[in-house]
Amino acid sequence: MSITPDDLIGLARELEKSNRQPPLPKSNRDVRDFLALDPQRLARITAQAKAPLKDAAAVNSTRWALWRGLKATGLNVGVGTGARTKWNRKRFSIPKAHSLDAACVGRLDAVQGWQQPVLSIKATGRGSYQRTRLSKHGFPRGYLTRQKQHFGFQTGDMVKAFVTTGKKTGTYLGRVAVRASGSFNIQSATGLIQGVHHRFCTLVQRADGYGYAFTKIANTQGDAGSGAACAAALSLPGLNAGVSRTNR
């Protein structure tokens, strides 16, 4: 089989066409023109476009009712748009965080003293009914004790430990994970402290299903949010009551 020059020219043209970017199917055409051959799809889209925004209307009504109720108390209440909040945050060089957004609402001349620790609360649960830990293949790899309390403590309690001897000498405050051996783990704001004996621990608050920690908002990451200390301080598990921390 011989290949003529015309065949080569035709092959080159086909390759050139295949390398071109195809045009957008809809581009800026009107949806009625684009779906002229698909009336059912067009009808579904147009019906959705005409649907009333009842959820947004309910939120707006509730928001203004709340504002009127606060104004009726006689307090100085200010409101503002989300765009103004972001503008205030940008011009004051304040990082993105929920607590700091609340300080940037409305007409402001300055925001001072915002570098304050923030109380972070995370739902951690109250324990687990499953007392057998399984591997990824479904085989038992460990068992939890049948009782939740050991030496007067249970996983999730907030404790303060005064360690006077050993390599871990110091004072620690945080959420505890208990063991039947009496060697506890404490998740503090600075990290995980393992192997703290129960005799050094003093109960501060009983477990209520939440983890609490004071965290500092990172001011070097722009809109990235809070720093890594927040995740570290709240990473102690509530469901895995027999281990020191979750597998993340």
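## A charge over a ring

Arg 91 sits over the face of Trp 87, 4.3 Å from the ring centre. The model is a predicted one.

## Aromatic pairs

The count of aromatic pairs is two. In one, the ring centres of Trp 64 and Trp 67 are 5.5 Å apart and the planes stand at 90°, so the pair is edge-to-face. Both residues belong to helix α4 (residues 54-71). Trp 64 and Trp 67 are three residues apart there, about one turn of the helix. Trp 64 is partly exposed, at 41% relative accessible area. Trp 67 is also partly exposed, at 28%.

Phe 153 and Phe 184 have ring centres 5.8 Å apart and planes at 75°, so this pair is edge-to-face. Phe 153 is in strand β5 and Phe 184 in strand β8 (residues 183-188), so the pair ties together parts 31 residues apart in sequence. Phe 153 and Phe 184 are both buried.

## Strands β1 and β11

Strands β1 and β11 run antiparallel and are joined by six bridges. Lys 122 has Gly 211 in β11 as its bridge partner.

In a regular strand, side chains alternate between the two faces of the sheet.

## Leu 119

Leu 119 belongs to strand β1 (residues 118-123). Its relative accessibility is 43%, so Leu 119 counts as partly exposed. Beyond its neighbours within four places in sequence, Leu 119 contacts Tyr 212, Ala 213 and Phe 214.

How far apart are Leu 119 and Thr 215 in sequence and in space? They are separated by 96 residues in sequence, with 6.4 Å from C-alpha to C-alpha.

## The loop at Thr 155

Thr 155 lies in the loop between β5 (153-154) and β6 (158-163). At 12% relative accessibility, Thr 155 counts as buried. The side chain of Thr 155 reaches the backbone nitrogen of Val 178, at 3.2 Å.

## Cysteines

How many disulfides does the structure hold? The number is zero. Cys 104 counts as buried, with 0% relative accessibility. Cys 201 counts as buried too, at 9%.

Conventions
Residues are numbered from 1 along each chain as its sequence is written. This is a predicted model: local features need pLDDT of at least 70, side-chain atom pairs count only at pLDDT 80 or more; totals for chains, interfaces and linings use all residues. Side-chain values use heavy atoms; hydrogens and water are left out. Helices (H or I, at least four residues) and strands (E, at least two) are DSSP runs, numbered from the N terminus. Buried means under 20% relative accessible area, exposed over 50%, partly exposed in between (1.4 Å probe, protein chains only). Contact means heavy atoms within 4.5 Å. A disulfide is a pair of cysteine sulfur atoms within 2.5 Å. A polar contact is a pair of N or O atoms within 3.5 Å; within protein, one must be able to donate a hydrogen and the other to accept it, and residues adjacent in sequence count only if both atoms are side-chain atoms. Two strands pair if DSSP finds at least two bridges between them. Rings of Phe, Tyr and Trp (its six-membered ring) pair if their centres lie within 6.5 Å; planes under 30 degrees apart count as stacked, over 60 as edge-to-face and the rest as tilted. A charge sits over a ring if NZ of Lys or CZ of Arg is within 6 Å of the ring centre and within 35 degrees of the ring normal.
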